[in-house]
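Here are my notes for you, point by point. Keep the model open next to them and click along as you read.

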Amino acid sequence: LVDGSLQTPAFEGDVNLFGAESIAIHVAGCANCAETVQWIQWAEGSLLPNVLGYVLPSVSAAHLDKKVVDSYKAELLAQLTHLDEILLSKTFLVGERLSLADISVALDLLPAFQHVLDAGLRKKFGNVTRWFQTVVHQPVVKDVIHEVQLCDKVAQFNQAKFNELSAKHTTRHAKKKEHGKPAPKPKEPEADDGEDDGKSKDPFADMPKGTFVMDNFKRVYSNEDTATKAIPYFWDNFDSEANSIWYCEYKFPKELTLTFMSCNLISGMYQRLEKLKKNAFASMILFGTDNDSTISGVWMWRGQELAFTLSPDWQVDYESYTWTKLDPKDEKTKKLVNEYLMWEGDFDGKKFNQGKIFK
């Protein structure tokens, strides 16, 4: 019993365990546990959400929001790019033999290889494909998943198929309802276009809009030279009465390992804050190298308090960072903001690795 809830799967033996990962590691009697665990956690926490976010709508098993699906696809392909580089000189992820790390990552990639990674993409990620084929053809894996049929053509969302699957799902739930209480007729599902239906209140509705138009700044930042156009535009138009600037730092730098995994923390945070984009902008930067990195960033949004507290949907990641409100009139603030907008500068001695923009 953990936090009042029974955790499954459960293992009883020389030690009592809950949680699939801990049980698998114990049963496997893994060597190099630290490396193995990092791959398992990355696969479950960062890789699998992108795989499912891309695959499920593609096979018509989930609503289609093209912008969101494209975002998941881009993140997945970026992850595969980094993984391909790692596997350039390696047969397996940890050590010289098949490990639980290989099995976990390969099985989380399985839906992608079956439905969206066609021959062209498999060729592009040749090292990943070679490694994946090696793993799934190991007897201990093949006995469970059998022969894997690789994708011939990228699956495409089909509204009719989605409606059919949704109807079956609704019917199954209706049968579980108490006898004599008919379930309401399900509304015809429609593809999600990602737009707000207007019924939920905008968390920023009661805040003054001010004179700074975030979309105009984003347009200049995206299309014009950062140093000569975007930065002057920002400082000429920023309305500090209606907006605020914040600096954040990741609290747990010692837990950061491979840089591409660290970068996924930023990407995952951005995905979960999708509906904040309209009223916010950020530049997050990963500094350092593998096993010696830090994450920090500059954010700006409407209002004078932390924006994440305005919606429960925005509170998943922000507590992993320290947040400092900056004074827009301070020259140190201007220097810091300019460096993060340009991805150039001394950064107090930190070595720039890569950055991501939230806009």
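**Notes on the fold**

1. Let's start with strand β4, which is mostly covered: nine of its 10 residues are buried. "Buried" here means under 20% relative accessible area, "exposed" means over 50%, and "partly exposed" is in between, using a 1.4 Å probe on protein chains only. Helices (H or I, at least four residues) and strands (E, at least two) are DSSP runs, numbered from the N terminus.

2. Before going on, a word about what you are looking at. This is a predicted model, where local features need pLDDT of at least 70 and side-chain atom pairs count only at pLDDT 80 or more, while totals for chains, interfaces and linings use all residues. Residues are numbered from 1 along each chain as its sequence is written, and side-chain values use heavy atoms, with hydrogens and water left out.

3. Now the big picture. The protein chain has 12 helices and seven strands. Of its 359 residues, 41% count as buried. Take the contacts (heavy atoms within 4.5 Å) between residues at least 6 apart in sequence: 73% of them join residues at least 24 apart.

4. Which strands form the open sheet, and in what order? Five of them do, running β6-β3-β5-β4-β7 with antiparallel pairing. Two strands count as paired if DSSP finds at least two bridges between them. At the edges sit β6 (321-326) and β7 (352-358), each pairing on one side only. On average, neighbouring strands in this sheet are turned by 20° against each other, direction ignored. Those angles come from axes that are lines fitted to C-alpha atoms (for helices, over the stretch in contact), and they run from 0 to 180 degrees between N-to-C directions.

5. β4 (residues 280-289) is joined to β7 by six bridges, and it pairs with β5 (residues 292-302) over 10 bridges. Ile285 has Gly355 as its bridge partner in β7 and Ser296 as its bridge partner in β5.

6. What about strand β3 (residues 243-250): how many of its eight residues are buried? Seven are, so β3 is largely enclosed by the rest of the structure. Seven bridges join β3 to β5 in the antiparallel sense, with Asn243 standing opposite Arg302. β3 also pairs with β6 over six bridges, where Glu249 stands opposite Thr322.

7. Next, the packing inside. A nonpolar core is a set of buried Ala, Val, Leu, Ile, Met, Phe, Trp, Tyr and Cys residues joined through side-chain atoms within 4.5 Å. The largest such core has 38 residues, and those with the most contacts inside it include Trp39, Leu93 and Trp131. Helices α2 (33-58), α3 (66-86), α4 (100-115), α6 (126-136) and α11 (259-272) each supply at least two of its residues. Domain 1 (32-145) and domain 2 (214-358) both give residues to this core, so it lies between them. The domain bounds come from an automatic or database domain assignment.

8. For a close-up of that packing, pick Val105. Leaving aside neighbours within four places in sequence, Val105 is in contact with Trp39, Trp42, Ala43, Leu47, Leu83, Leu93 and Trp131. There is also a second, separate core of 26 residues, which includes Ile266, Tyr270, Ala282 and Trp314.

9. You'll find Phe217 in helix α9 (residues 214-223), and it is buried, with a relative accessible area of 0%. Phe217 and Phe281 are 64 residues apart in sequence and 9.3 Å apart in space, C-alpha to C-alpha. Setting aside neighbours within four places in sequence, the contacts of Phe217 include Phe281, Tyr233, Met300 and Leu341.

10. Compare two residues in the loop between α12 (331-342) and β7: Phe347 and Asp348. Phe347 has a positive phi of about 50° although it is not a glycine, and Asp348 has one of about 55°, again without being a glycine.

11. Last, the cysteines. Counting a disulfide as a pair of cysteine sulfur atoms within 2.5 Å, the total comes to zero. Cys151 counts as buried at 2% relative accessibility, and Cys248 counts as buried at 0%.
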